[in-house]
Amino acid sequence: MVGGMPDHIHMLAGVPASISLSEFVRKIKAGSSKWIHEKFSDKRNFCWQQGYSAFTVSRSNIEIVRRYIENQQEHHAKYSFEDELRKLLMRHGIECPAVLCR
């Protein structure tokens, strides 16, 4: 499942253990960039940012994450993408990258 905003997307996906996360993301970015460039002539300058964030989700939380993705627009009317990511990282004790937490 994928849900998009103008400045980011959220994706809920099962990634097989036989493929690294970085390879999975690379394939998603490459394939979607190719599709966008072929389908939308006015989006020839489209490109993905360098980085990405990825989080594991337990099976018991899949439906919660699915509902969150479906309601992104409503959620982001209250919280920016950056605020949301900072809060998520802090809640789980993950050091915030300097580019995000200046």
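Glu-63 is partly exposed, with 41% relative accessible area; here buried means under 20%, exposed over 50% and partly exposed in between, using a 1.4 Å probe on protein chains only. Keep in mind that this is a predicted model, where local features need pLDDT of at least 70, side-chain atom pairs count only at pLDDT 80 or more, and totals for chains, interfaces and linings use all residues. Residues are numbered from 1 along each chain as its sequence is written, and side-chain values use heavy atoms, with hydrogens and water left out.

**Salt bridges**

Back to Glu-63: its salt-bridge partner is Arg-66, which is also partly exposed, at 30%. The two sit 3 residues apart in helix α2 (residues 62-70), so about one helical turn separates them. Helices (H or I, at least four residues) and strands (E, at least two) are DSSP runs numbered from the N terminus. A salt bridge means a side-chain nitrogen of Lys or Arg within 4 Å of a carboxyl oxygen of Asp or Glu. Searching the whole structure turns up 5 of them, including these:

| Pair | Closest N and O atoms |
|---|---|
| Glu-23 and Arg-26 | 2.8 Å |
| Glu-23 and Lys-27 | 4.0 Å |
| Glu-63 and Arg-66 | 3.4 Å |

Glu-23, Arg-26 and Lys-27 join up in a network of salt bridges. Helix α1 (residues 21-39) holds Glu-23 and Arg-26 3 residues apart, so about one helical turn lies between them. Glu-23 and Lys-27 are 4 residues apart in helix α1, again about one turn. What about solvent? Glu-23 is partly exposed at 27%, Arg-26 is partly exposed at 46%, and Lys-27 is partly exposed at 46%.

**Pockets**

Rolling a probe the size of a water molecule over the atoms shows where empty space is left. The search runs on a 1 Å grid over the protein atoms alone; a pocket is an open set of points where a 1.4 Å probe fits, with protein on both sides within 12 Å along at least five of seven lines, and lining residues have an atom within 4 Å of a point. Points are joined across faces, edges and corners, and the volume is the space filled by probe spheres set on them.

The largest pocket holds about 1800 Å³ of space. It is lined by 47 residues, and the closest to its centre are Ile-9, His-10, Met-11, Ser-53 and Phe-55. Elements giving two or more residues to this lining are β2 (9-11), α1, α2 and α4 (81-91). Helix α1 supplies the largest share, 8 residues. By type, the lining splits into 29 nonpolar, 12 polar and 6 charged residues; Ala, Val, Leu, Ile, Met, Phe, Trp, Tyr, Cys and Pro count as nonpolar, Asp, Glu, Lys and Arg as charged, and the others, Gly among them, as polar.

The second largest pocket has about 190 Å³ of space. Its lining includes Asp-7, Gln-49, Ser-53 and Phe-81, and divides into 5 nonpolar, 2 polar and 2 charged residues.

**Rings**

Rings of Phe, Tyr and Trp (its six-membered ring) pair if their centres lie within 6.5 Å, with planes under 30 degrees apart called stacked, over 60 edge-to-face and the rest tilted. The count comes to 2 aromatic pairs. Trp-35 and Phe-40 are edge-to-face, 5.4 Å centre to centre with 80° between the planes. Phe-46 and Trp-48 also pair edge-to-face, at 5.4 Å and 80°.
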